[in-house]
Amino acid sequence: MPKGKKKGKYEHRRTELPYSSDEDAGIDMTNDNYSETSGASDLRSNHDDAENEIQEKLEEKVLEIIDALSARANAARAAALVALRNALQRRHLAHLLSGQRVTLAEHVTKALRRGRDGERRAAAAVVPILALQIGEEGTEEFLSEVRPALAAAAIDKSASLDTRTECCSSLAVLCYLLEDDLTEVLEIMRMYETIFSGSYLKGDGSVKVSGAAVEEGAWHAAALDGWALLLLLAEPAHARALLADRQPSFQRLAELLDACSLEVRLAAGGALAIAHERVSGDDDEYDWPEEQDVLPRLEQLARDSHKYRAKRDRKLQRATFRDILKYFEDGSVGSERVRVGGEALALNTWGARVAYGALAGALGAGLVALTPHCAALRSALDLEPPHDAPPVALRKLNKLQRHLQNTAACKARTVARNKSRDKRSAALAL
């Protein structure tokens with residue numbers, strides 16, 4: 001100590017005991033204070049408790065929503081259907097809904113047949129995800145009751161165009177996922193053809209430009225997309241016979257490229273690509289007789305720059321038909337990879353692209369929640385059977401899990417730091 005400096009108040013109590021770096025930091029990570037095993041077990045326990053609490057609250061909310069489907073007011077029933085769809089998108093609830101399948105089928109069917117416009121649209125939107133959530137045992141009964149009501153609403157002229165469009169999209173996804181009877185599928189495809197036939201060219205080859213053709217463009221496009229989606233269920237030989245013996249033929253589909261509605265033109269391009277892909281199958285040398293007639297029109301649409309079309313419409317049309325034209329010229333489809341939960345899905349065919357887009361649009365966030373549990377959905381996405389879930393430490397943690405992990409680690413550090421402080425205080429008191 002320098003000469004002339006007085007001792008501090010506690011200078012005589014200081015010792016020269018060495019401290020480790022952990023002690024200097026105020027942390028003693030010995031086995032009696034903290035262990036990784038106990039921390040991991042606490043994390044799993046907290047996570048399980050939180051998950052169970054969330055699951056119980058969601059189940060209680062779903063039961064309340066089901067009770068609300070019997071409300072007297074039309075607006076209340078429509079709001080309940082929307083809330084039911086949002087709740088079903090969050091988690092797999094087949095164990096809860098398996099006992100409610102009859103009640104839910106009755107409510108949905110009644111809404112589709114007798115409800116007002118908003119209620120019918122909400123009922124149509126909830127059908128695909130509800131059919132996957134009620135369990136495999138009651139799927140056939142649910143289909144036999146709901147599908148006819150959904151098909152009737154899709155062609156009901158008293159319903160709004162938005163409602164009919166929603167019914168067409170939901171019906172196609174429902175049949176694509178769960179319908180095993182090919183006769184029923186063909187009947188739905190024939191109904192779709194009667195809808196989008198309103199956009200065919202006139203007898204003299206001119207384009208229909210009436211107000212109805214323009215206003216009903218989204219409805220016709222939804223029917224055409226549904227027809228193309230169901231065509232994926234046919235084998236190549238059956239697809240050839242179907243396009244040769246029934247409408248629409250390749251020539252009729254090509255006529256839709258000249259429709260006045262942008263939605264119909266885009267849907268027609270995708271339908272042509274899917275039809276060619278299904279008919280050719282694995283035969284790369286398949287000769288499509290109408291291909292030479294369609295290519296010039298595809299080139300025009302891929303380079304369309306007419307100023308009377310909206311700028312957004314021109315941009316979307318060129319981008320879409322460039323990919324379609326590349327497929328017809330080179331036979332190649334740009335590969336895309338998307339993640340569905342923790343699994344990767346390769347979209348390297350037109351059929352895979354269309355199927356994923358339709359399922360994502362109908363199921364929304366429920367696509368991720370239901371994929372690990374629904375065999376029909378995994379088959380539609382061409383995914384392998386689910387494997388056992390990896391350990392918690394190897395999975396990517398969500399926000400709640402990260403919060404619980406940080407809380408447990410912070411608590412362990414606080415306990416260890418307090419014990420270390422007690423030891424240092426005892427040492428300083430010597």
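Student: At what angle do helix H8 and helix H9 pack?

Tutor: Happy to start there, and keep in mind that this is a predicted model. H8 covers residues 161–178 and H9 covers residues 182–196, and their axes are 11 Å apart. The angle at which the two helices pack is about 155°.

Student: Are H8 and H9 roughly parallel or roughly antiparallel to each other?

Tutor: Angles over 145 degrees count as roughly antiparallel. H8 and H9 pack at about 155°. The two helices are therefore roughly antiparallel.

Student: In which hand does H8 cross H9, and which residues make the contact?

Tutor: H8 passes H9 in a left-handed crossing. From H8, the contact uses Cys168, Leu171, Ala172 and Cys175. On the H9 side, the residues are Ile188, Met191, Tyr192 and Ile195.

Student: Turning to charges, how many salt bridges does the structure hold?

Tutor: In general, side chains of opposite charge can pair when their charged atoms come close. For this structure, the number of salt bridges is 12.

Student: Which residue forms a salt bridge with Arg147, and is Arg147 buried or exposed?

Tutor: The closest N and O atoms of the pair are 2.4 Å apart, and the partner is Glu179. Arg147 sits in helix H7 (residues 139–154) and Glu179 in the loop between H8 and H9, so the pair links distant parts of the chain, 32 residues apart. Buried means under 20% relative accessible area; Glu179 has 13% and is buried, and Arg147, at 12%, is also buried.

Student: What separates Glu187 and Arg190 along helix H9?

Tutor: These two form a salt bridge, with closest N and O atoms 2.6 Å apart. Glu187 is partly exposed at 45% relative accessibility, and Arg190 is partly exposed at 35%. Because they are 3 residues apart in H9, their separation is about one helical turn.

Student: How far apart in sequence are the parts that Asp258 and Arg297 tie together?

Tutor: Their side chains meet in a salt bridge of 2.6 Å, N to O. Asp258 lies in the loop between helix H13 and helix H14, while Arg297 is in helix H15, so the parts tied together are apart in sequence by 39 residues.

Technical notes. Residues are numbered from 1 along each chain as its sequence is written. This is a predicted model: local features need pLDDT of at least 70, side-chain atom pairs count only at pLDDT 80 or more; totals for chains, interfaces and linings use all residues. Side-chain values use heavy atoms; hydrogens and water are left out. Axes are lines fitted to C-alpha atoms, for helices over the stretch in contact, and angles run from 0 to 180 degrees between N-to-C directions. Helices (H or I, at least four residues) and strands (E, at least two) are DSSP runs, numbered from the N terminus. Angles under 35 degrees count as roughly parallel, over 145 as roughly antiparallel, 65 to 115 as roughly perpendicular and the rest as oblique. A crossing is left-handed if the near helix is turned anticlockwise from the far one by less than a right angle, and right-handed if clockwise. Contact means heavy atoms within 4.5 Å. A salt bridge is a side-chain nitrogen of Lys or Arg within 4 Å of a carboxyl oxygen of Asp or Glu. Buried means under 20% relative accessible area, exposed over 50%, partly exposed in between (1.4 Å probe, protein chains only).
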